[in-house]
Amino acid sequence: MADPILKFEPEQSKDSENVTLEGVISTFAKELVIAICGPVGSAIHYVAERLEQQLNDVYDYDASTIKLSDFIKKHRRNKKTPLPEDKYEKTCLLIQEGDHLRGMHGASILAELAIGEICIKRNTASEGGSGKEHLQPKRFCHIIDSIKNDSELNLLRAVYSNLLVTVGVFSHKDERVKNLRASGMPDEKIYELIDLDSGEELKSGQSVKDTFPKCDFFLNCEGENTNIIDDKIERLLNIVTGSKITTPTAGERSMYHAYCAGLSSACLSRQVGAAVTDADGNLLSVGWNDVPRYDGGLYTAEHDPDNRCMNLEGGKCFNDTEKRNLVKEIVQALGDIIPAPQKAEAEKVLGKSRVKQLLEFSRSVHAEMYAILNAGAEHYGGKIQGGQIYVTTYPCHNCARHIIAAGIHEVFYIEPYPKSLALHLHGDAITEDVNCQTKVRIVPFEGVGPAMFERFFKYPESGRKNKDGKMISIPSRDATFTSNFSIWSLPQLESKIVTDLKEKSLISATDE
């Protein structure tokens, strides 16, 4: 078999002319890489199977699924011992072996192995060709089931750029528990497994809770109706391939407004955006987290002086400073209870306690609060009552009480916020149960992620109608993922990964 590290030298024209724009465009890759991420117990495998089937049957792609767990099975330490029959023990063993592989070879090793397999597949399909023929764009789709940490995601994005689409698959925790229970797993093991899968203590281990919010598309697989899931997958593929004109939902528009608002924030801790809508989904206001100024509103780039934290006292976070001062005061107040030689160590321990999670010393108005202020009931005739708020991050407990008091009924978020005590402090008025009608529902966002909004919904450069004014119809089997990434770039990017895998003895001549 030919070397999977493809090399290509473009032919020079006889007239030494520059490569034309059309020539460059003709090299744009038609390949698609779909990486799936989601917590244990979600319908990840079903989504991967349906994506593969639809891409093969409807879109005429050569689609195949790469299961990262297969690499763990192949390279685990004790291959001679059969995997446990018990689902809990088997899953835990694979998580542990995956972490061992990452510890030995780096946190992105499973993504590296997937890249190596993609490279070999493309090379196998191109055998016998040479030069330009060796690297013609082909309708391949590689579905990766499933990524578990940021290093895997970041490497795939670095290599495949906008050929990569990441899909976050989720369902409510109760649904995932039910799915795992159906496999015969006892409840006490289920909750241990969910915690283990969500975010391990090992730096190189898997941490789904950190990686999931960075996906491009979020797919809710709640319930047992597979037809609904299939419809959502069909919509995703329509958007990705451009086979049908697909416009954003009200939720996608609202989350995009929230995301854009968050970009205005100069907070040193994080950027958060929020968008408030009425009960019909009409946008009322947006907000972001930043420092309030005299006479109303927040400081922005137009204000002089700009007294945000970045411009005061060398750019320090006042919340962090006050928390450190509080720790010192507590240790000092305890006096002789803590011996003098141990005071410094006591400050370190206290600094890692719940004191670290305190929010009230921040100078910033939070995004949700500012959005609610902007959508004041007096100005908008009470339209906020019964409405929704879209937030890029799960609301903290401070914002939760304002959301409740404003009469908002639903909160949609992307990024989790472990510091939040919203449910703990306001369980009487807040719930994560989407079916509850007597409390404020806090639910994960579903649809196109805001970072991909423009790319997926922007009017295509080729237009939507022909010269006669008739809509251009693209048969599904001719529809192609739109990319501006040249297929000629892939061998150079993938070759480094393949070389490293060879040096680690994770790819052999047999594999090639």
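1. A word on what you're looking at. This is a predicted model, where local features need pLDDT of at least 70 and side-chain atom pairs count only at pLDDT 80 or more, while totals for chains, interfaces and linings use all residues. Residues are numbered from 1 along each chain as its sequence is written, and side-chain values use heavy atoms, with hydrogens and water left out.

2. Now the big picture. The protein chain has 19 helices and 12 strands, and its C-alpha trace spans about 75 × 65 × 50 Å along the principal axes. Its radius of gyration (taken over C-alpha atoms) is compared with a globule rule of 2.2 Å times the number of residues to the power 0.38. For 512 residues a compact globule would come out near 24 Å, and the chain has 26 Å, which agrees.

3. How much of the chain is buried? Buried means under 20% relative accessible area, exposed over 50%, and partly exposed in between (1.4 Å probe, protein chains only). By that cut-off, 47% of the 512 residues of the protein chain count as buried.

4. Next, contacts, meaning heavy atoms within 4.5 Å. Take the contacts with a separation of 6 or more: residues 24 or more positions apart account for 72% of them in the protein chain.

5. Let's go back to Pro-450. At 8% relative accessibility, Pro-450 counts as buried. Leaving out residues up to four places away in sequence, Pro-450 touches Met-255, Tyr-256, Tyr-259 and Ile-414. Cys-309 is 141 residues from Pro-450 along the chain, and their C-alpha atoms are separated by 27 Å.

6. The expected span of a helix is 1.5 Å times one less than its number of residues. The 16 residues of H13 should therefore span 22 Å, and its end C-alpha atoms are 22 Å apart, which agrees. Its buried residues are Phe-318, Asn-319, Thr-321, Lys-323, Val-327 and Val-331, and they pack against helix H14 (343-351). After H13 comes Gly-335, whose phi is positive, near 55°.

7. H5 has 17 residues and reaches 25 Å from its first C-alpha to its last, close to the 24 Å expected. Because 13 of those 17 residues are buried, H5 is largely enclosed by the rest of the structure.

8. Is Glu-152 buried or exposed? At 0% relative accessibility, Glu-152 counts as buried. Not counting residues up to four places away in sequence, Glu-152 touches Leu-68, Arg-102, Ala-107, Ser-108, Leu-110, Ala-111 and Ile-147.

9. The other glutamate, Glu-222, is found in the loop between strand E5 (217-220) and helix H11 (226-241). At 34% relative accessibility, Glu-222 counts as partly exposed. Setting aside neighbours within four places in sequence, Glu-222 is in contact with Phe-170, Ser-171, His-172 and Glu-175. Arg-176 is 46 residues from Glu-222 in sequence, and the two are 8.9 Å apart in space, C-alpha to C-alpha.

Key: Helix = DSSP H or I, 4+ residues; strand = E, 2+ residues; numbered from the N terminus.
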